Amino acid sequence: MSTREGTGLGGGDTNRFVYVTAALAALNGLLFGFDTGVISGALLYIGETFPLLEQSAAVEGLVVSGALIGAAIGAAMGGTLADRIGRRRLILVGAGIFFVGSLGMATALNVWWLIVARIVNGVAIGFASIVGPLYISEISPPKIRGSLVSFNQLAITSGILVSYLVNYSLASRGAWRLMLGAGTIPALVLLVGMYYMPESPRWLVGEGRESEARSTLGRIRTAAGVEEEIEEIERMEELEEEGLTEVFKPWIRPALIVGIGLAAFQQVTGINTVIYYAPTILESTGFGSVVSILATVGIGVINVSMTVVAILLLDRVGRRPLLLGGLVGMLAMLVVLGGAFYVSGLGGVLGYVATGSLMLYVAFFAIGLGPVFWLLISEIYPLNVRGTAMGVATVVNWLANLVVAQLFPQLFDVIGPAFTFWLFAGLTAGAIVFTHYLVPETKGRSLEEIEADLRETAVGDESLSMAEQVQEADD
Ligand code: BGC
């Protein structure tokens, strides 16, 4: 077994259409980012229409976290659905739900209606978070799979930025219905556009629909290599057993642990405390609210730009170096951030230190843990359980997100900002150890090669971790 890096095995040359397909599928990420980002701004004005929101913290919490609850539900169903009804069809269903959910939020006549619509929208976010990366991963040639799948993360960060900008521009009018309703537009584009896109060739082979898979591949590859790719997928497919329980078989376990671990670490290292609460954090460093909101837009821009850097690097330097480097940077910035708050009496120079480290923290997330988590979970699972296994990791991601979002304001109040950020720093140190020992490199390999490695190593030395096994196999 060898790494066969950069050979592009398992695929013909890239046809430009694959970029169009990936970009369109990445609208899933745009909606994910937009709908999770938009609420913080809209919230300020919804209370004027529905006073109950201002009277009850629990109701307000439900409006905010309704999307996260829905996303966890959507992720729990989405993986298995993607395996059953297919990737493309699930994207279409999800786009429909996004549309209905956004329209529902914009037209809500009372707060309960709004909460239900937000949960419905959340279900679509849950679907999107799985099927976006999954679909792109399966249509991509190995050489550029890292970049193409990370279009989705680029779209998530762009969606967040757009939501900040939409909020900013509509704030003076307090137009929360327009803010929440704006999601209908990308949802409609996704629905119509995806209708014309092909189904994943890998899923088609899994369903025994080889001739359709062949014609799909013909659209997204140049002719050379199509046959070879089909044969490679078929070879793997023959080895596989069907059934839900397969996902918990011992040979898949190392990959399952990697996915679940990264899912939790992506959230408990604190990113969404910044994404959801940036203005609050910034105000507590001594800035006024206008400056804080502008700086929040700055954070959004950094998040997008560094994701572009990640896209350029992922297929060159690999997943592991970016992940590890990014985590080390996040750790350093969290230590500094906590330190700046600890010295207290922020404002002045310390206010700038805190803001600078907050921005760099986001930059380091955007170059590593942000895109690499979603990329790896779309790569490391075998075909027949790929959707289901991604679903398991994604549910963990959304639940961890929910817990952190609920706990953060209380942590901030009770143990204070310094210890809150140091707690995230400690958890980031855990993520570094986890990644160092357990996370494999997947750069340049076809999905079938990655699966073959997992199979072979499972029958090899079971005491070795997945990363060690892959390392050993390469030596
Ligand atoms: C995470 C989200 C987060 C976003 C920030 C994504 O990879 O899953 O929870 O809000 O990155 O850019």
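Let me begin with a definition: a residue is called buried when its relative accessible area is under 20%, exposed when that area is over 50%, and partly exposed in between, using a 1.4 Å probe and protein chains only. What you see above is a predicted model, in which local features need a pLDDT of at least 70 and side-chain atom pairs count only at pLDDT 80 or more, whereas totals for chains, interfaces and linings use all residues. Residues are numbered from 1 along each chain as its sequence is written, and side-chain values use heavy atoms, with hydrogens and water left out.

Let us start with a helix; helices here are DSSP runs of H or I with at least four residues, strands are runs of E with at least two, and both are numbered from the N terminus. In helix α1, which covers residues 17–25, the buried residues are Val 18, Thr 21, Ala 22, Leu 24 and Ala 25. Why do they lie on the same side of α1? They cover an arc of only 165° around the axis, and this places them on one and the same side, where the arc is taken from the directions that run from the helix axis to the C-beta atoms. Among the elements that cover these buried residues are α2 (27–37), α7 (111–139) and α8 (145–170).

Now to the interior. A nonpolar core is a set of buried Ala, Val, Leu, Ile, Met, Phe, Trp, Tyr and Cys residues joined through side-chain atoms within 4.5 Å. The largest one has 119 residues, and those that touch the most other members are Leu 262, Tyr 361, Tyr 381, Trp 398 and Phe 421. Helix α7 gives the most to this core, with 11 residues. If we leave aside neighbours within four places in sequence, Trp 398 is in contact with residues including Phe 32, Leu 68 and Ile 125, contact meaning heavy atoms within 4.5 Å.

Next come the aromatic rings. Rings of Phe, Tyr and Trp (its six-membered ring) pair if their centres lie within 6.5 Å, and planes under 30 degrees apart count as stacked, over 60 as edge-to-face and the rest as tilted. The whole structure holds 16 aromatic pairs. In one of them, the rings of Tyr 277 and Phe 408 have centres 5.3 Å apart and planes at 40°, so the pair is tilted. Tyr 277 belongs to helix α15 (residues 271–284) and Phe 408 to helix α20 (residues 386–414), so this pair ties together parts that are 131 residues apart in sequence.

Finally, the charged residues. A salt bridge is a side-chain nitrogen of Lys or Arg within 4 Å of a carboxyl oxygen of Asp or Glu, and a search of the whole structure finds 13 of them. One joins Arg 221 and Glu 229, whose closest N and O atoms are 3.0 Å apart; Arg 221 is buried at 1%, and Glu 229 is buried at 0%. Another joins Glu 451 and Arg 455, with 3.4 Å between the closest N and O atoms. These two are four residues apart in helix α22 (residues 447–459), and therefore separated by about one helical turn.
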